[in-house]
Amino acid sequence: MAWLIVLCVVILALAYIFANYIRIRSLREGTPEMVEMAGIIRSGASTFLKTEYKTIVVVVILVAALFSLFVEATSGLTFILGALMSSCVCILGMRSATYANVRTANRARESLSIGETVKVALCGGSISGLSVQAFGMLGLLLVLILWGGVDADAVGTGLIAKLSCNPSITRITTYSLGCSLVAMFNRVAGGNYTKAADISSDILAKLRHDMPEDDSRVPNVVADFIGDNVNDIAGNCSDLLESFVATMAAVIMIAVTIYRGAVSGGGASVTDATFTATCVFPIVLAGGGLLGCLLGLGYASVRRMGDNPSRELNLATWISAGLTIFIGFFAALIVFRGVPLYDSFVCGWLSPWISSVLGILSGIAIGAITEYYTSTDFKPTRKLAEIAAEGEAFVITKGDAIGSRSCLLPVLVIGIALFISGKICGTYGIALSSLGMLSFVGATVSIDAFGPIADNAGGLAESCHLDEKVRAITDRLDAVGNTTAAIGKGFAIGSAAFATVSLIVAYVGNYTAANAEPVLNIASYVVVAGGIIGGALIEYFAALLTDNTIESARLMADEGDRQLSMPGVLEGKVRPDYNRCIEMAARQALKKMLLPSLLAIFIPVLGGFLFGVEFVGGLLIGATIVAIPRAIFMGNSGGAFDNAKKYIESGSLKGHGKGSPTHRAAVTGDTVGDTRKDVVGVALDIFIKTMSTVANTLASVFSHIALLK
């Protein structure tokens, strides 16, 4: 019954999403030049995704077949369902963004009102954000409803291999893994595409030819516009959907582990009702969060907005988070009231709710910390802009220091929240804390998607030669969007940390016998060996992505230079060949996406088959410990570099405007930061989540087969 109520909330959210999509499509696009440029961006983004999915579909079908044949008969279907849900979200989000960007620019042109312009961009962003939560829940609900919920004692096998597993758990983990695989491809390919275009565009315009940032004479500019949608919208949507689904899966897996352990240990108070409640609550909490996001974003869409975009966007987030906490309280009261509870629930039925609130508060805190270190409203980024007057070396060194300093507080928040959650609600509380952070992900992704839409709108305003008053509005939204994007990356990394910890806890429980306590001995040489290798893999993965992006950017910069040297292009009399740059960016991104994406799948598989379940546990712990601060460092240093450049360009640093040596030094910092924040940082979180999900899916197989145990 509870699942059907949540399904109704999901259907309501889908109706709101498609109503917003129709509303965006009905708005005017603007001048003929704006219509033409927007059409090129939309076509290029769609072409890239179509080409990318030719590879993704083949990989998904092959992996699905392997799961059904060798792991569990129906797991291939749930794997495909996960890939389908993730694909729907990234395609719908990207399409809505490519319609919203030009309409945002045109609303600024027609109204000259910041408040009215914000509404259009937020409307486009809400399609992406709510889709993440709605489609993620829709797929999981279908898995639960079609296969009759969760059975803690069920046993299943593959069509060929006869190794036993719990089919309920395997279906949930393969659904999550399907989401994960698509997210990995989108993030790796999208990051390479957008940053190769962005870096090459900046090099050509700001360093080699002293031109405006989004000048339409630079052939790489349109590829940069497309990249904002391919990575910051499509990639981000599939990334957060995967985190959201993984945390729900982790809660259910841990519920199964606790129940089996309590029953086999003779827990007299444990009943089937207890088990049902622990499986139902995460779904109800997520559904309540979706409803809270609907109300929060709906309120923002109808109220009269002022001239402070940050305040308006923060209000929508606070309303969504507050409603999620409120609904979660009554959900815990209803679901756990009168049900025998585990001894680990120190505060009774309040324990699960408190754990989820800790996750929600952690998400808000990490967002605020990220904003402090990356926004031009605060000292770190302003100091970085000021030191640019001393040259590039000072910029890079100071930016690195900001990134390193910014790691401590978010990691403390994560660690403290996990510790308290574990104390008051056991391992179940740890997973619920993770889910709490993502329970209002619809609002956070909506605000995050506002950034690239506003960025594209500003680029269109400049490349289509709109009035300076229009550009002033879009520039202001772009500055806010840079901060929301940085906060969104911080949230994505923080949520990945929570999700991965939950998945590691679930992994240990998945291979532990029913009558034994789930324990991973970190003093074991097998676990330590796995941990060391896992940490080193993170560094290798980061280097691989960086090398790929820089190589693509170099090739694109050379192509842009070649076109600018052609007669009439630099003078603005001849339009450059945008399609050639778009095709080059796509070709390089797709060529370089396969190896990094498949590493996350094959590393835990190889480790598990060769060395066993404990080695894989160490691998996950080592990778997670290294990846979390590394990703925070990458995201925050990159965000600070970007906004320091914007701070100088806005004229806020007197005597050091655009084109000055100070500005050039800041551009160098921004070029370094681009790869960090939009390629490496955001891909690291998917890397550790994908490895953890693969490990959970194959835990029972690893426990039966290990060649070198």
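**Helices, contacts and loops in a predicted model**

R171 touches E72, T74, T78, V143 and W147, leaving out residues up to four places away in sequence; contact means heavy atoms within 4.5 Å. R171 sits in helix 5 (residues 167-208). Helices here are DSSP runs (H or I, at least four residues), numbered from the N terminus. R171 counts as buried because its relative accessibility is 11%. Buried means under 20% relative accessible area, exposed means over 50%, and partly exposed lies in between (1.4 Å probe, protein chains only). Between the C-alpha atoms of R171 and F67 the separation is 10.0 Å, and these residues are 104 apart along the chain.

The model is predicted, so local features need pLDDT of at least 70 and side-chain atom pairs count only at pLDDT 80 or more, while totals for chains, interfaces and linings use all residues. Residues are numbered from 1 along each chain as its sequence is written, and side-chain values use heavy atoms, with hydrogens and water left out.

Two further residues were examined within helices. I40 belongs to helix 2 (residues 32-70). Its contacts, apart from neighbours within four places in sequence, are V222, I226, Y578 and I582. I40 and I226 are 186 residues apart in sequence, yet their C-alpha atoms are 8.7 Å apart in space. S320 is found in helix 8 (residues 309-336). S320 counts as buried because its relative accessibility is 0%. Residues up to four places away aside, S320 touches G292, C293, G296, L297, F440 and A443.

Helix 17 (residues 594-611) has 18 residues. From first C-alpha to last, helix 17 reaches 25 Å, close to the expected 26 Å. The expected span is 1.5 Å times one less than the number of residues. Helix 17 has a kink of about 35° at A600, shortly before the proline P604. A bend at a residue is the angle between axes fitted to the seven residues ending there and the seven starting there. Buried residues of helix 17 include P596, L599, I603 and G607. Just after helix 17, G612 has a positive phi of about 100°.

Helix 18 (residues 613-649) packs against helix 10 (residues 379-387) at an angle of about 65°, with axes 8 Å apart. Axes are lines fitted to C-alpha atoms, for helices over the stretch in contact, and angles run from 0 to 180 degrees between N-to-C directions. Helix 10 contributes T381, R382, L384 and A385 to the contact, and helix 18 contributes A640, F641, N643, A644, Y647 and I648.

Helix 18 has 37 residues and spans 53 Å between its first and last C-alpha, close to the expected 54 Å. Helix 18 bends by about 25° at A627, and the proline P629 follows within four residues. Helix 18 is largely enclosed by the rest of the structure, because 31 of its 37 residues are buried. Just after helix 18, G651 takes a positive phi of about 85°.

Most residues other than glycine have a negative phi. L112 is not a glycine, but its phi is positive, at about 50°. L112 lies in the loop between helix 3 (75-111) and helix 4 (114-146). L112 counts as partly exposed because its relative accessibility is 46%. H465, also a residue other than glycine, has a positive phi near 60°. The loop between helix 13 (441-463) and helix 14 (468-511) holds H465. H465 counts as exposed because its relative accessibility is 58%.

How values were computed
Helices (H or I, at least four residues) and strands (E, at least two) are DSSP runs, numbered from the N terminus.
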